[in-house]
Amino acid sequence: MTDPAAAPVETREDDEVGALRDEVWDRLQRRRLSSRWFYDRRGSELFERITRLPEYYPTRTELALLEAHAGPWMQRIRPGSVVELGAGSARKTRVILDALVEEVESPVYVPLDVSAEFLRATAEGLRTDYPQLRVVPEVGDLTRPLPVVRHGDPPALFALLGSTLGNFPPEMAIRILGHVARAMGADDRFLMGADLKPGPGKSVAELVAAYDDAQGVTAEFNRNMLRVLNARAGTDFDPEAFAHRAIWNEVEGWIEMHLVSRGGATVTVPGRGAMEFAPGDSVRTEISTKYDRATLDHLFGEAGLEIVEEVADPARRYAMVLARL
Ligand code: AVJ
């Protein structure tokens, strides 16, 4: 009698790894990997370093906009809860929460993230620093309908910071905005950060440099995806065989990051096959869409949302918009 549990671990492919290998193999044929594979522990640390680079203006510009406007926004909206979608940078969250607890009696903070572990750590720290705040973490994924999160008194302020929406092509972006809209009531508001297209105060060179810094941190971040896939999917990428490239795609209105095979490479996806890269062949790892008011109005409109306020830095590098149903 054979005991299935006695099968050697190495030869078993659980459903999760199997699905990942299928997706990686499929995406490698199409030369487009998924930007969600950047973020293991090292990837998150590299992104944190990116946000402090002199070239990477989005984070500090958004932080400055929040510092200037969070107070007045909270005063006007007086939200009983703030629902942060993809709860990210603690620095930004704290600017929002400082303004919230200043204006509202007993507010609720609802960080929504894919990682339950990340949420637990975040909630812990915030409860200590903001005793007057109720913290109710929710596990959720932007690309799926949002869990019904109704905590505290209405209205709720939903927030999606960091120009996260830009990682998604327009159809998916509209779907995500639709998920937010379906979770909103008439008095609720939605605050979103949006990186802007090049213009009079923002050159293409400046934009591209934000994704191709002099210290090579973004290059390491990009190559880290291959390490993540080696660890999770059992692929055998040599990260050093690939060079980082960032391109402004004027037609699509987005930055593309690629990994370019330097001298040719072969990668094996266990149980799926081997893929050849000729010298100079590249695989796209990320898109980061840049917006203007017209494209934002269009995307929001398609999702049933209306932008009611927009603020930006003087050079118009980065904007934040407030929207309602
Ligand atoms: C976290 C998606 C907003 O697109 O600017 C930074 C990720 N990629 N440098 C962005 C990123 C390369 C970032 N987002």
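1. Ser288 in β11 is the bridge partner of Ile255. The strands here are DSSP runs (E, at least two residues), numbered from the N terminus. The model is predicted: local features need pLDDT of at least 70 and side-chain atom pairs count only at pLDDT 80 or more, whereas totals for chains, interfaces and linings use all residues. Residues are numbered from 1 along each chain as its sequence is written.

2. Seven bridges join β8 (residues 254-261) to β11 in the antiparallel sense; two strands pair if DSSP finds at least two bridges between them.

3. These strands belong to an open, antiparallel sheet of three strands in the order β7-β8-β11. Its edges are β7 (242-249) and β11 (282-289), each of which pairs on one side only. On average, neighbouring strands of the sheet are turned by 20° against each other, direction ignored.

4. Helix α8 (residues 217-233) packs on this sheet and touches β7, β8 and β11. The direction of α8 makes about 110° with that of β7 (axes are lines fitted to C-alpha atoms, for helices over the stretch in contact; angles run from 0 to 180 degrees between N-to-C directions).

5. The protein contains nine helices (H or I, at least four residues) and 13 strands. Its radius of gyration, 21 Å, is close to the 20 Å that the globule rule gives for 325 residues, so the protein is as compact as a globular protein of that length. The radius is taken over C-alpha atoms, and the rule is 2.2 Å times the number of residues to the power 0.38.

6. Among contacts with a separation of 6 or more, 74% join residues 24 or more positions apart (contact: C-beta atoms, placed from the backbone, within 7 Å).

Notes:
Two residues are in contact if their C-beta atoms, placed from the backbone, lie within 7 Å.
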